[in-house]
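The sequence and the structure come first, and the notes follow by topic.

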Amino acid sequence: YTDFPLHGLWKVGEDRTFGTNLFVSANYGYYNTGFVLDPIGGLDMQAGRNFVTAQSYGSVSQGLNVRPQKVVNVNAQSFTNRFGAGHDIKFGVGYRTTDAVSGTIWPGNGILAIERAGNLQAHVFREGRCGNRTNYLNVYVGDTITWNRLTVDLGVRVDRQDGEALASNTKANPAFPNVVPGVVFAGYKTPFTWNNVSPRAGVTYALDAASKTVARASFSRYAGQLNTGTVGVLNPSSTAGSATYRWTDLNGDHFAQSNEVNLGEFITAAGGFNPNNPTAVTSANVLDPRSEEHTSELQSH
């Protein structure tokens, strides 16, 4: 997989002062913590498991896990005196996208051979590869007001969150491309958008001139974060779909060759694969379009 060649943290920014009381900081960041779990046996060998003797043969599946994030922030801070009090005003805007991309490929002919006592099963896999994206936009403004022994913090933050399942094109099983084909998934947008308004307020009062003893009270409201798992609940390409059949190990090599798989003895399906509609891109899951934003409140005295 070479879709995400950059790894680690990449950042560019600019800090600038306007006049004597306005400071602005703007930055763009790209952060990728992706990794690939490559099997030591490689992807050319086949895969087999014997649960009678507790042995594994050949290789195993490759797993892709990529979490690239792109972030843009513009923050400003201004200092001023008005109405006999000092004001430390902070405001800004931020936008972030987070992708969760995963993939699974079984090696060789894409068939995992399972041996149990008197029960040989061939799991015929197609590729699993999906991407789900969340988008976060926030705007905030706050003022710290200082007057003698009294300090008042007032602020509000507005969050807007939505997401999308990214389009994907997964590969069919190499041995049986017509039986377990890949899928072409067009993607979708979430049928909801979370909008939150989070006010925050705090009061601090010094009970003595040296400010050794202070009294505080505060109230804060926070918005819960939309996760990529919620966005991708309808994504049918998120797992490696499979169909399971009986097989006979004719050559005794513990692997299921295509001529050894009995397609007439179907056992079960997994990973969202529907043998009656092999290229289906629908899911039994449902995303509620009336889904409401999640918030929590914290009160302290």
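**A buried asparagine**

N138 counts as buried because its relative accessibility is 13%, which is under the 20% cut-off. The model is predicted. N138 belongs to strand β11, and β11 also contributes to the linings of the largest pocket and the second largest pocket.

**The largest pocket**

- The largest pocket holds about 260 Å³ of space.
- Its lining is made up of 13 residues.
- Nearest the centre of this pocket lie Y140, V141, G142, L154 and G155.
- Two or more lining residues come from each of β8 (85-105), β11 (128-147) and β12 (150-165).
- By class, the lining of the largest pocket has six charged, four nonpolar and three polar residues.

**The second largest pocket**

- For the second largest pocket, the volume is about 200 Å³.
- At least two lining residues each are supplied by β7 (68-82), β8, β11, β12, β16 (194-206) and β17 (214-223).
- Seven polar, five nonpolar and four charged residues form the lining of the second largest pocket.

**The six-stranded sheet**

- An open sheet of six strands has the order β5-β4-β9-β10-β18-β19, with mixed pairing.
- At the edges stand β5 (55-58) and β19 (261-270), each of which pairs on one side only.
- On average, neighbouring strands in this sheet are turned by 25° against each other, direction ignored.
- β4 is antiparallel to β5, with four bridges between them.
- β4 is parallel to β9 (residues 111-116), again with four bridges.
- G48 faces Y57 in β5, and its bridge partner in β9 is A113.
- Which way do the residues of strand β4 (residues 47-50) point? A47 and R49 point one way, G48 and N50 point the other way, and all are buried.
- In a regular strand, side chains alternate between the two faces of the sheet.
- Strand β10 (residues 119-125) and strand β18 (residues 242-247) run antiparallel and are joined by five bridges.
- Across from V124 stands A243 in β18.

**Positive phi values**

- Most residues other than glycine have a negative phi.
- Which residue of the β4 and β5 hairpin takes a positive phi? A54 does, with a value near 60°, in a hairpin that has four residues between the strands.
- N148 has a positive phi near 55° and is not a glycine.
- N148 is placed in the loop between β11 and β12.
- N148 counts as exposed because its relative accessibility is 66%, over the 50% cut-off.
- S211, also a residue other than glycine, has a positive phi near 60°.
- The loop between β16 and β17 holds S211.
- S211 is partly exposed because its relative accessible area is 43%, between the 20% and 50% cut-offs.

**A buried proline in a loop**

- P236 is located in the loop between α1 (228-231) and β18.
- Is P236 buried or exposed? P236 is buried because its relative accessible area is 13%, under the 20% cut-off.
- Apart from neighbours within four places in sequence, P236 is in contact with F185, V281 and T282.
- P236 and R82 are 154 residues apart along the chain, and 58 Å separates their C-alpha atoms.

Definitions and conventions: Residues are numbered from 1 along each chain as its sequence is written. This is a predicted model: local features need pLDDT of at least 70, side-chain atom pairs count only at pLDDT 80 or more; totals for chains, interfaces and linings use all residues. Side-chain values use heavy atoms; hydrogens and water are left out. On a 1 Å grid over the protein atoms alone, a cavity is a set of points where a 1.4 Å probe fits but cannot get out, and a pocket is an open set with protein on both sides within 12 Å along at least five of seven lines; lining residues have an atom within 4 Å of a point. Grid points are joined across faces, edges and corners, and a volume is the space filled by probe spheres set on the points. Ala, Val, Leu, Ile, Met, Phe, Trp, Tyr, Cys and Pro count as nonpolar, Asp, Glu, Lys and Arg as charged, and the others, Gly among them, as polar. Two strands pair if DSSP finds at least two bridges between them. Axes are lines fitted to C-alpha atoms, for helices over the stretch in contact, and angles run from 0 to 180 degrees between N-to-C directions. Buried means under 20% relative accessible area, exposed over 50%, partly exposed in between (1.4 Å probe, protein chains only). Contact means heavy atoms within 4.5 Å.
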